[in-house]
Amino acid sequence: MAATPQLLTPFAAAGGITYKNRIGLAPLTRARADAVTGCVKDMHVEYYGERASSGLIFSEGAGISRRGLGWYSAPGIYTAEQVEAWKPVTAAVHKNNGLIFCQLWHMGRAGHEVLDGVGFGFHEKTAVPYSLEKARAAIAAGNPDGTTALAGNAGYTVDAAETAIAEGRADIITFGRPYISNPDLAERVRDNVPLAADPPYAHWWGSDSVEGYLTYPRATVKANA
Ligand SMILES: Cc1cc2nc3c(=O)[nH]c(=O)nc-3n(C[C@H](O)[C@H](O)[C@H](O)COP(=O)(O)O)c2cc1C
């Protein structure tokens, strides 16, 4: 990898937002919100705050209406209480100089208030990362003033992400599973520290459990500390 990884260079997007680096946190439903109120908790504040060295955080999918839900313990953002619960999350990310975007979620025909949630499918990564050329062309066609940021995702290693940025195939690469087990993923790239292995399936979703959520240690000194 280059002495200064491309992944650590800022990206100034059309529209005025500058991302401090090209390392994104992919949206990851972790199913740990309050199952009754749909509110995120203190553990979410710590989790997202820990990952604020990412240049671009996508939140987990947040339900936009009761009828749009279909996943047990996924958060919502449609009641005043839920909105208030998200504010400390945003504040923790901003405090650490990060940016967070909320992924709004309506599960369409898979969602119904009587469902307790099996409507979401995870697809195994493919050997070849998804090509972004077509996406870039399509977005450019529909946005003559330029795109905001083109984020690549799925199955990227740090080296593959570095190559994708260097070759102009993406502006930002988001990491999903690696960000579960590497809260300091951006600092590990900075310090050339190997990533911890992807988390076991049992850690992906957890209701009230911080196990597998707040238990992966840092291996580096926190950026902006
Ligand atoms: C536990 C888990 C939860 C996920 N939740 C979401 C989600 O809420 N919204 C979404 O668009 N993608 C979701 N994904 C897909 C990830 O954003 C990402 O595309 C996928 O993990 C592939 O990237 P990776 O190979 O870096 O893990 C989820 C994936 C995992 C493993």
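This is a predicted model: local features need pLDDT of at least 70, side-chain atom pairs count only at pLDDT 80 or more; totals for chains, interfaces and linings use all residues.
**View 1. Asn 97 is an exposed residue in a loop.** Asn 97 counts as exposed because 11 other C-beta atoms lie within 10 Å. Residues are numbered from 1 along each chain as its sequence is written. Look for Asn 97 in the loop between helix H2 and strand S5 (100-105). (Helices, H or I with at least four residues, and strands, E with at least two, are DSSP runs numbered from the N terminus.)

**View 2. Asn 97 has neighbours from elsewhere in the sequence.** Leaving out residues up to four places away in sequence, Asn 97 touches Lys 20, Ala 52 and Asn 224. (Two residues are in contact if their C-beta atoms, placed from the backbone, lie within 7 Å.) The C-alpha atoms of Asn 97 and Ser 53 are separated by 7.3 Å, although these residues are 44 residues apart along the chain.

**View 3. Asn 97 and Asn 192 each have a positive phi.** Most residues other than glycine have a negative phi. Phi of Asn 97 is near 65°, and phi of Asn 192 is near 55°. You will find Asn 192 in the segment after helix H6 (185-191). Asn 192 is exposed, with 11 other C-beta atoms within 10 Å.

**View 4. Helices H1 and H2 pack together.** Two packed helices are described by the angle between their axes and the distance between the axes. For H1 (residues 42-50) and H2 (residues 80-95), the angle is about 25° and the axes are 8 Å apart. (Axes are lines fitted to C-alpha atoms, for helices over the stretch in contact, and angles run from 0 to 180 degrees between N-to-C directions.) H1 and H2 are therefore roughly parallel to each other. (Angles under 35 degrees count as roughly parallel, over 145 as roughly antiparallel, 65 to 115 as roughly perpendicular and the rest as oblique.)

**View 5. H1 meets its neighbours through several residues.** From H1, His 44, Val 45, Tyr 48 and Gly 49 meet Pro 88, Val 89, Ala 92, Val 93 and Lys 95 of H2. Sorted by class, this contact has 6 nonpolar, 2 polar and 1 charged residues. (Ala, Val, Leu, Ile, Met, Phe, Trp, Tyr, Cys and Pro count as nonpolar, Asp, Glu, Lys and Arg as charged, and the others, Gly among them, as polar.) Within H1, His 44, Tyr 47, Tyr 48 and Gly 49 are buried. The buried residues of H1 pack against S4, H2 and S5.

**View 6. A shell of 18 residues surrounds the ligand.** The closest are Ala 26, Thr 29, Gly 61, Gly 176 and Arg 177. (A residue is near a molecule or strand if its C-beta atom, placed from the backbone, lies within 6 Å of it.) Strand S4 (56-63) and helix H5 (177-181) each supply at least two residues of this shell. By class, the shell has 9 nonpolar, 6 polar and 3 charged residues.

Key:
A residue is buried if 20 or more other C-beta atoms lie within 10 Å of its own, exposed if 12 or fewer, and partly exposed in between; C-beta atoms are placed from the backbone.
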